[in-house]
Amino acid sequence: MVTELALSRASPLPHWTESVTDISPIRALRGLKSLRVNGRRLRWGKLADLSPLAGMNLVRFNCDYTEVADLSPLEGMLLMMLHCTGTKVRDGGLSGKCLA
C-alpha cells in the first residue's frame, strides 16, 4: 500500500511537477497519508485544483510554489503538517479544525 508520494524536486522521479494540473489519479491511492506536489521558487507549478483530495485522510500535505488558492478540499483532514508557501492561499477556506 502506498502511504507517501512526493511529486517534487526531492522526489526520486527525474522531473519536477511544474506541469501537473490534474491530481485526480491520486484518489486511487486510498492509503495515502503524505503528499507533496510542490513546484519550486523560481518556477511555480501549475496545480490549482485540490478538489480530488476531498475525503482523503492525508496527515501531511505540501503544495508550495503552486497556483493553489483554495484549501477547502482539505477540510476535515487531521493534518499534522501543511505547507503552502508561495501559493495564492490567503485564508485557505479552512475552519481551523483541520490541523491536529
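**View 1. Leucine 29 in the loop between β1 and β2.** Leucine 29 sits in the loop that joins β1 (4–6) to β2 (34–36); strands here are DSSP runs of E with at least two residues, helices are runs of H or I with at least four, and both are numbered from the N terminus. This is a predicted model in which local features need pLDDT of at least 70 and side-chain atom pairs count only at pLDDT 80 or more, while totals for chains, interfaces and linings use all residues. Residues are numbered from 1 along each chain as its sequence is written, and side-chain values use heavy atoms, with hydrogens and water left out. With a relative accessible area of 26%, leucine 29 is partly exposed; buried means under 20%, exposed means over 50%, and partly exposed lies in between, using a 1.4 Å probe and protein chains only.

**View 2. The whole chain, for orientation.** The protein chain has zero helices and four strands, and reading along the sequence gives the pattern β-β-β-β. Of its 100 residues, 37% count as buried. The chain exposes about 5900 Å², with carbon and sulfur atoms supplying 54% of that area; accessible areas come from the Shrake-Rupley method with a 1.4 Å probe, and for residues only the protein chains shown count as cover. Among contacts between residues at least 6 apart in sequence, 46% join residues at least 24 apart; a contact means heavy atoms within 4.5 Å.

**View 3. Leucine 53 and the largest nonpolar core.** Which residues have the most contacts inside the largest nonpolar core? They are Leu35, Leu50, Leu53, Leu58 and Phe61, in a core of 18 residues. A nonpolar core is a set of buried Ala, Val, Leu, Ile, Met, Phe, Trp, Tyr and Cys residues joined through side-chain atoms within 4.5 Å. Take leucine 53 as your guide: leaving aside residues up to four places away in sequence, leucine 53 touches Ile23, Ile26, Arg27, Leu35, Leu58, Phe61, Pro73, Leu74 and Met77.

View 4. One of the residues touched by leucine 53 is Leu74, found in the loop between β3 and β4. Is leucine 74 buried or exposed? Leucine 74 is buried, at 0% relative accessible area. Asparagine 57 lies 17 residues away along the chain, and 8.9 Å separates the C-alpha atoms of the pair.

View 5. Arginine 36 belongs to strand β2 and is partly exposed, with a relative accessible area of 27%.

**View 6. Tyrosine 65 in the loop between β3 and β4.** Tyrosine 65 is found in this loop, and the backbone is worth a look: phi of tyrosine 65 is near 55°, a positive value in a residue other than glycine. Tyrosine 65 is buried, with a relative accessible area of 12%.

**View 7. Two cysteines without a disulfide.** A disulfide is a covalent bond between the sulfur atoms of two cysteines. Searching the whole structure finds zero disulfides, defined as a pair of cysteine sulfur atoms within 2.5 Å. Cysteine 63 is buried at 0% relative accessibility, whereas cysteine 84 is partly exposed at 23%.

**View 8. Threonine 87 after β4.** Threonine 87 lies in the segment after β4 and is buried, with a relative accessible area of 8%. The threonine 87 side chain reaches the backbone oxygen of cysteine 84 at 2.7 Å. Beyond residues up to four places away in sequence, threonine 87 touches Cys63, Asp64, Tyr65, Thr66 and Val68.

**View 9. A salt bridge between lysine 88 and glutamate 67.** The side chains of lysine 88 and glutamate 67 meet in a salt bridge, at 2.7 Å from N to O. This pair links distant parts of the chain, 21 residues apart: lysine 88 is in the segment after β4 (81–83), and glutamate 67 is in the loop between β3 (60–62) and β4. The count for the structure is one salt bridge, meaning a side-chain nitrogen of Lys or Arg within 4 Å of a carboxyl oxygen of Asp or Glu. Lysine 88 is partly exposed at 42% relative accessible area, and glutamate 67 is partly exposed at 27%.

How values were computed: A polar contact is a pair of N or O atoms within 3.5 Å; within protein, one must be able to donate a hydrogen and the other to accept it, and residues adjacent in sequence count only if both atoms are side-chain atoms.
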